[in-house]
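Me: Hi! Could you walk me through how the helices pack in this one?

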Amino acid sequence: MGRPAALNADLLYLPGTSAVHRLPAQVKIVATLAFVLVVVLTPREWLAAFVIDAALVGGAVAFAGLPWLVVARRMVVEVPFILFALLLPFVGHGPEVVVGPLELSEPGLWSAWNIQVKATLGVAASVVLAATTRSGELVAALGRFRVPGMMVQIASFMVRYVDVVTAEAARMRTARAARGFTPSHLGSWPDLAR
């Protein structure tokens, strides 16, 4: 399969001239997948390894010249995982640790740590990949990796139509505002959903 047509949906891409930006997309994909695999396979008790992993991601962010605030905003996507992980010390079984007035499960604390650190490192690596690689380059790299053609086409269509859907949502928001609609309570949800 040849190179897909030019794609405009580079919503996550941050233009730059760093060496990270100039690396071929397939190199960045392999590096990101390898990093995430190593993070996932690292035992949760190896705290020093996670410090090294965090330093590697931080170094990649700095080396690519990505704004730290933008990276932090994009990492908000992991909030549901963090909220879930925060419940584990309260619902876990096993030996308990007393922290002030709370009795927390020790295995639950380790599980919460495990989920939080691995999710954070994985999301951070993905943010670096998306911020330094154009969408079209990612799709083309999938083709070079011999990902089944149908999957590459689906990814290509998905990327192409992000612009269309985003523009349509903006037009709908403008139309609602022009009609004086302001969502002010839960009763507005059906109108927003339509």
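Reply: Happy to! In this predicted model, helix α5 (residues 79-91) packs with α6 at an angle of about 165°, and their axes are 7 Å apart.

Me: Okay, so are α5 and α6 roughly parallel or roughly antiparallel?

Reply: Roughly antiparallel, because angles over 145 degrees count that way. The crossing of α5 and α6 is left-handed.

Me: Which residues in α5 and α6 meet?

Reply: From α5, they include Phe81, Phe84 and Leu88. Among those in α6 are Leu109, Ile115 and Ala119. By class, this contact of α5 with α6 has 11 nonpolar, three polar and no charged residues.

Me: Switching topic: how do α2 and α6 cross?

Reply: The axes of α2 (residues 25-41) and α6 (residues 106-132) come within 9 Å, and they cross at roughly 175°. That angle is over 145 degrees, so α2 and α6 are also roughly antiparallel to each other.

Me: And what classes of residue are in the contact of α2 with α6?

Reply: Eight nonpolar, four polar and two charged residues. Phe35 and Val39 are among the α2 residues there, and Leu121 and Leu129 are among those in α6.

Me: You mentioned Met75. What is Met75 in contact with, leaving aside neighbours within four places in sequence?

Reply: Met75 is in contact with Thr120, Val123, Ala124 and Val127.

Methods. Residues are numbered from 1 along each chain as its sequence is written. This is a predicted model: local features need pLDDT of at least 70, side-chain atom pairs count only at pLDDT 80 or more; totals for chains, interfaces and linings use all residues. Side-chain values use heavy atoms; hydrogens and water are left out. Axes are lines fitted to C-alpha atoms, for helices over the stretch in contact, and angles run from 0 to 180 degrees between N-to-C directions. Helices (H or I, at least four residues) and strands (E, at least two) are DSSP runs, numbered from the N terminus. Angles under 35 degrees count as roughly parallel, over 145 as roughly antiparallel, 65 to 115 as roughly perpendicular and the rest as oblique. Contact means heavy atoms within 4.5 Å. Ala, Val, Leu, Ile, Met, Phe, Trp, Tyr, Cys and Pro count as nonpolar, Asp, Glu, Lys and Arg as charged, and the others, Gly among them, as polar. A crossing is left-handed if the near helix is turned anticlockwise from the far one by less than a right angle, and right-handed if clockwise.
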